[in-house]
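Student: Before we discuss any details, could you show me the model that we are going to talk through?

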Amino acid sequence: MDTHSYKIEVTDTFGGESNYCWVRRYRVKANSIRGAANALARLEGCGWRIAYGDSNHARYNLRGAAICAFIDFDEDGSEGE
C-alpha cells in the first residue's frame, strides 16, 4: 500500500463551527485518511470522533471539548512545516 501525505489542522470551535482563534498544523505520512487520524491521536491524544469525511477530507471532533481537526489529502506532498 502506498503512503501519502496528509495535512492536519487542529483548532478551537465556537457554536460547533471552527473558530481558528488558535491552530496547530501537522503534516503526516499515512496509508489512508484513517491512518492520518491515528497519527492525530498519537500527536494530540485520544478521543477523536469523525464528524464527516471521505477519502480526501475529513473533520474529527474531540469528545468533551470545543476542538476539531481537519484532515486533508496533501496533493503536492511537499515536505516541511
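This is a predicted model: local features need pLDDT of at least 70, side-chain atom pairs count only at pLDDT 80 or more; totals for chains, interfaces and linings use all residues.

Student: Which pattern does the protein follow when it is read along the sequence?

Tutor: Helices (H or I, at least four residues) and strands (E, at least two) are taken as DSSP runs and numbered from the N terminus. On that basis the protein has 1 helix and 5 strands. Read along the sequence, these elements give the pattern β-β-α-β-β-β.

Student: What radius of gyration does the protein have, and what does the globule rule give for 81 residues?

Tutor: The radius is taken over C-alpha atoms, and the globule rule is 2.2 Å times the number of residues to the power 0.38. The C-alpha trace spans about 35 × 20 × 20 Å along its principal axes. The protein is as compact as a globular protein of its length, because its radius of gyration is close to what the rule gives for 81 residues, both values being 12 Å.

Student: What percentage of contacts between residues at least 6 apart in sequence joins residues at least 24 apart?

Tutor: A contact here means heavy atoms within 4.5 Å. Among the contacts in the protein between residues at least 6 apart in sequence, the share that joins residues at least 24 apart is 46%.

Student: How many salt bridges does the structure hold?

Tutor: Side chains of opposite charge can pair when their charged atoms come close. The criterion used is a side-chain nitrogen of Lys or Arg within 4 Å of a carboxyl oxygen of Asp or Glu. By that criterion, the number of salt bridges in the structure is 4.

Student: How many residues apart in sequence are the parts that Lys7 and Asp74 tie together?

Tutor: The side chains of Lys7 and Asp74 meet in a salt bridge, with an N to O distance of 3.8 Å. Lys7 lies in strand E1 (residues 4–14) and Asp74 in the segment after strand E5 (67–73), so the separation in sequence of the parts that this pair ties together is 67 residues.

Student: Which residue forms a salt bridge with Glu9?

Tutor: The closest N and O atoms of this pair are 3.0 Å apart. The pair links distant parts of the chain, with Glu9 in strand E1 and its partner in strand E2, 16 residues apart.

Student: What is the N to O distance in the salt bridge between Glu44 and Arg24?

Tutor: Glu44 counts as partly exposed at 23% relative accessibility, and Arg24 counts as partly exposed at 36%. Salt bridges that share partners also join Lys7, Arg27 and Asp74 into one network. For the pair of Glu44 and Arg24, the side chains meet at an N to O distance of 2.7 Å.

Student: Which side chain of opposite charge is nearest to Arg59?

Tutor: For charges, Lys and Arg count as positive and Asp and Glu as negative, while His and the chain ends are not counted. Arg59 lies in strand E4 (residues 57–62), and its contacts, leaving aside neighbours within four places in sequence, include Thr13, Arg49, Tyr52 and Phe70. Arg59 is buried yet has no salt bridge, and the nearest side chain of opposite charge, 5.1 Å away, is Glu17.

Student: Is Cys21 buried or exposed?

Tutor: Cys21 has its place in strand E2, and, leaving aside its neighbours within four places in sequence, is in contact with Thr11 and Asp12. With a relative accessible area of 62%, Cys21 is exposed.

Terms used. Residues are numbered from 1 along each chain as its sequence is written. Side-chain values use heavy atoms; hydrogens and water are left out. Buried means under 20% relative accessible area, exposed over 50%, partly exposed in between (1.4 Å probe, protein chains only).
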